[in-house]
Amino acid sequence: MTLPVSPHPTLIRPALVAALLACALGPSVAGADARSLTVYTYESFVSEWGPGLTIKTAFEAECGDCTVEFVPLDSSAGILNRVQLEGKNTRADVVLGLDTNLMAIAEDTGLLAPSEVDTTELVLPIDWTSDVFVPYDFGFFAFVYDTEALATPPTSFEALLDAPEDVRIIIQDPRTSTPGLGLLLWIKAVYGDEADAVWEKLQPRIVTVTKGWSEAYFSLFLNGEAPMVLSYSTSPGYHMAVDETDRWQAAAFDDGHYLQVEVAAALKDSPNLALAREFLAFLPTPPAQTAIPLGNVMYPVVDLGDDMPEAFERLIEPASVLLLSPDVVRDEREGWIDEWLDASTR
Amino acid sequence: MLELDDVTLALGEARFRFSLALGADAVHVLLGRSGSGKSTLLNLVAGFAAPDTGDIRWNGASLLALAPDRRPVNTLFQHHNLFAHLSVAQNVGLGLHPGLKLTGAQHEQVRDALAAVGLAAHADKRPPALSGGEQQRVGLARCLLRRKPVLLMDEPFGALDGATRQEMIALTRDVTASYSPCTIVVTHDPEDAAGLGARVLRIADGQVRPEPSA
Amino acid sequence: MARRLHPLIAKVSSRPEARAPSPGLPWWLGGACALAVVLALTALPLGAMLVEAGTLDPGALFADPWVARVIRFSLFQATLSTVLAVALALPVALALAHEPRFPGRGALVTLFSLSLVIPTIVAIFGIVAVYGRSGWLNGALANVGMAPLPLYGLPGILVAHVFFNLPLAARVMLQSLDGIPDNQWRLAAQLGMGPLARFRLIEWPSLRAPLIGAAVLIFTLCFTSFAIVMTLGGGPRATTIEVAIYQALRFDFDLPLAVALALVQLVMCALLMIASTFAPGDGSLGFAPTAQDARDAYPIEGRGLRQRLRTWLERRHAPDRACWRPRAGMAVRLSRGLIIGSAAGFVLLPLAALVIAAFNGKTLSVLGDPATLEAARNTVIAAFATAALALALALGLLSATRRLRVRARRERIGRWLQLFGNVILVLPPVVLGTGLFLLLRPWADVFSIALVLVVAINALMALPFVLRVLDAPMMRVARQHDRLLQSLGIRGWNRWRLIDWPVLRRPVGLALALAATLSAGDLSAIALFGSERVRTLPLLLYQRMGSYRLEEAAVTAGLLLLLCLVLFATLQRLVGEGVRARTR
């Protein structure tokens, strides 16, 4: 007489699961290399056309036995969110990809260390006073348009608001993207208290709000989803220099253009703080900066002289440079984003 | 001797009170309408229910502290005496060991028990393949094998028709005669008592009243 | 009078008595452990959230127009989705009920039950492929010169909600309609009732209770839906509370807002749960045990493969006996066919679009891509772990409540304890995740233990389903055989091995399959804790869709769908029926 059933499925399964869980947890605790540097940055920095690889190779050649690991996150402001979420347990040694708008907010987290880098010789439209953040490039926000879809682009925000219906735009979410926040602050700088009325009027033109700059520019705009996208005045430089086409240009606005200075900083609790500071010092030097114009498609923070691409001389010059101080942004950002959310859903 | 000493139980709205002494070696038939407490009495003796007050004793020793499988009691129910996914032989074998870990000698005992109730050929079949009467016979075979001094049968013939019923009654007589347990059979049909040659106890409103037997 | 004793009876009766069995573990141990785990996973995170909430200012919170708008939109889209799903399902159910011998009826109803198995994000991709900006529908409209229809925003959310919930509502209503006795139809025909009268007097009374029950459930599902609103919402205009919590946490790192919204969501879900207890209906949602289920528990040997396949397709969905329905004219029957066809098309079209889109130029490269493979590996690991955990919790809980309900006759307490298994209905995944995040962040890098947290949340998500599938079979065994088991002393491991497992095997297989596919397709838990370090296929798909890398997304979606189907079939078959061929 045999037993009707065998009980082994119920025994094997928990054991298998336990083993699998152990595998899943195993590689969770990171054992950091003594001379390895983890840099949180945004995706386009480390894409195939981005400056990441060049900078990594150059830095590793200089430091000798170190390795740089870029961790691409899905958006620029997402970098800050991520280290906030991780708190003291963060694996990052350097954060690269924030901008002036987020500087005060980032400093408030108490997670960043002084850079100990001399920033007095940098070439910037403004004076640099932060001792925590090191700038590595800058640019001006502008609407980039497809000349084949739009013969005469708007020349100011007013013109944009009054433009025909088919002049539609793609923008980024100010909560996750630094360009997204940049546009918010640009409109704020131009219109002050009337910004929310402008946003409300802008709503019908917005095709979609993306999480980050890459999908807005590459996946949507370059595929013809809309004639205009929020990007940088330098974006056409890439197309003119590398793709050798003048098809995509930036619209110059009479109101002026908002400045973005992108920055990097070191994490206070990093076990590799010295190496991190070396990296920060390396960023604004010519070996790293040569990758910026055509890699990140922004202006470098040092004078590259003849190494600047010729196409960059044909970029638009802003009528005036707009910038809100980091402290103002820190105090007002939440309220302004709420205002934006509100205006977007009305 | 099975004694129920002033056993009381309250179940919902009903109140039961039993005081009786039943001799071993005898078959007692418990007659009564539904709701009168027949099954309750069996449940108390078997250990499926605990009395509020009173004592239940077998040969002087109290049974109350014992779990149903530790009591010297065997029960045959009206339905669901068998597990439909186990074979007839396995069902009977469960009476010897709750884990079906049987020795060779015990396997033989199972075969003998099945033969005794006339179902040797059905040992490897599953209960759904058997008729109602055959299923009850398997249950009886198991009771035979366990050979506990008290045998309780809760409407065992209730689902059977005429001829099968008579066969079962006859078989029950043989089984009880063979090892003489104190047997209590619950039924609502007075003719079963005659067939079993049993003493009749009437139960009504939660109390038992003996009747002069035929 | 005494018959001659059969010699064997005498022989048998001289054997010694059976030996006494040994005691096992206490009966309440499984239940206590299960309850402890469930409470730890819910009460502790809830406590962490309440602590954080102590610093909140409720006045400012509700004055915030964003919060008010989010709550309003959540209620609005849930209401609209429910009304649409139920209203559209009604004609489908009626059409199917009146065509009991419609070829492929069983297959269609089985397709309807697949909505539980298809991952949300996969179906969303299919929906985008059909109704999206560059999808089939807009392609067809462009051919006739019409402007494209927008998908993102409220329309997309509605389409997706109807896609998932119309089959559910239709199934529930159909089950109820199939239960109407034939004689009622015959009577209606004899009395010369027209369709309207028939509906009012026969069909509607039967439908009313399950329809309301289904509506309440669908409302809850739509109210707390996450993946659909995240992907198809298209921006702040269409944000529900669940998505707003996620965004507060992952976008803004606004912990107070996240906690505040989480608590609002908790209150709303608790209210919904209370409302659902007042709703009529047995709450079984098409999982109610039928006569066929009882037969399935004790299968008859010797059925061939083809017959078993046919039975599997037809089982539980076709009426059990040859049934009678009022005769109807050609026009009516054609329109019924049209309705059924539309419903089938509506459900099949996104799936077909997905399968077609999955075979493109990038198929092989995506399948070989390390990111894809690692995500697939994580998905499978999490799926198995979830299934095991959910099963363990359910069995522990049910073994204790079964004892309470049957042997101790404490039906109400037993049922109440079982309700703890449904705690996820009050603490939806994102709310629970927020609490876990708050709880664990000071102690650990939550992103490193992401898979563990995902498994924990997914197991709680699967628990109500697992409980529902296992409750009836476990109770049936107990109710039928409890006294016999007591009498024979079959308890503990013996009981499980000999009595419970053979009968529970099939439901356990189904339960594991459901839990595993639910985990494999889940986006909510992984969205919170996932990162570039730990990704599952749904998250990878979501990211690829979000970056508009649609070809790669299509392949990922196809892979995920395939994985879910394989997981489901394998677990249900392997565990439920065993590898060895059925013996004679």
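Mentor: A helix here is a DSSP run of H or I that is at least four residues long, numbered from the N terminus. The model is predicted. In chain A, Val83(A) lies in helix 3, residues 76-86.

Trainee: Why does Val83(A) count as buried?

Mentor: A residue is buried if 20 or more other C-beta atoms lie within 10 Å of its own. Val83(A) has 24 C-beta neighbours inside 10 Å, and therefore counts as buried.

Trainee: Which residues is Val83(A) in contact with, leaving aside its neighbours within four places in sequence?

Mentor: They are Tyr40(A), Thr90(A), Ala92(A), Val95(A) and Leu111(A). A contact needs C-beta atoms within 7 Å. The separation of Val83(A) and Leu111(A), C-alpha to C-alpha, is 8.3 Å, and in sequence they are 28 residues apart. That value is taken between C-alpha atoms, whereas the contact cut-off applies to C-beta atoms.

Trainee: What makes up the secondary structure of chain A, and what of chain C?

Mentor: Chain A has 13 helices and eleven strands. Chain C has 25 helices and zero strands. Of the 346 residues in chain A, 48% are buried; in chain C, with 584 residues, buried residues make up 50%.

Trainee: What are the domains of chain A, and how far apart are their C-alpha centres?

Mentor: Domain 1 of chain A covers 36-138 + 261-314, and domain 2 covers 139-259 + 317-345. Their C-alpha centres lie 24 Å apart. Their contact takes 30 residues from domain 1 and 28 residues from domain 2. Helix 3, the helix that holds Val83(A), is among the elements giving two or more residues to the domain 1 side. The largest share on that side, seven residues, comes from helix 4 of chain A. By class, the domain 1 side divides into 18 nonpolar, six polar and six charged residues.

Trainee: What are the domains of chain C?

Mentor: Domain 1 of chain C is 25-55 + 361-579, and domain 2 is 65-241 + 279-289 + 331-358. The C-alpha centres of these two domains lie 26 Å apart. In contact are 27 residues of domain 1 and 19 residues of domain 2. Helix 25 of chain C gives the largest share of the domain 1 side, nine residues. That side has 21 nonpolar, five polar and one charged residues.

Trainee: Why are helix 12 and helix 13 of chain C called roughly antiparallel?

Mentor: Helix 12 (residues 241-250) and helix 13 (residues 255-278) of chain C pack at an angle of about 160°, with their axes 8 Å apart. Angles over 145 degrees count as roughly antiparallel. The two helices are therefore roughly antiparallel to each other. Their crossing is left-handed.

Trainee: Which residues make the contact between those helices?

Mentor: From helix 12 of chain C, they are Ile241(C), Glu242(C), Ala244(C), Ile245(C), Ala248(C) and Leu249(C). From helix 13 of chain C, they are Leu257(C), Ala258(C), Leu261(C), Ala262(C), Val264(C) and Gln265(C).

Trainee: How many residues of that contact are nonpolar, polar and charged?

Mentor: There are ten nonpolar, one polar and one charged. Glu counts as charged, and Glu242(C) is in the contact on the side of helix 12 of chain C.

Technical notes:
Residues numbered from 1 in each chain as written. Chains lettered and ligands numbered in written order. Predicted model: local features only at pLDDT ≥ 70, side-chain atom pairs only at ≥ 80, totals over all residues. Axes fitted to C-alpha atoms, helices over the stretch in contact; angles between N-to-C directions. Parallel < 35°, antiparallel > 145°, perpendicular 65-115°, else oblique. Left-handed = near helix turned anticlockwise from the far one by under 90°. Contact = placed C-beta atoms within 7 Å. Buried ≥ 20, exposed ≤ 12 C-beta atoms within 10 Å, placed from the backbone. Domains from an automatic or database assignment.
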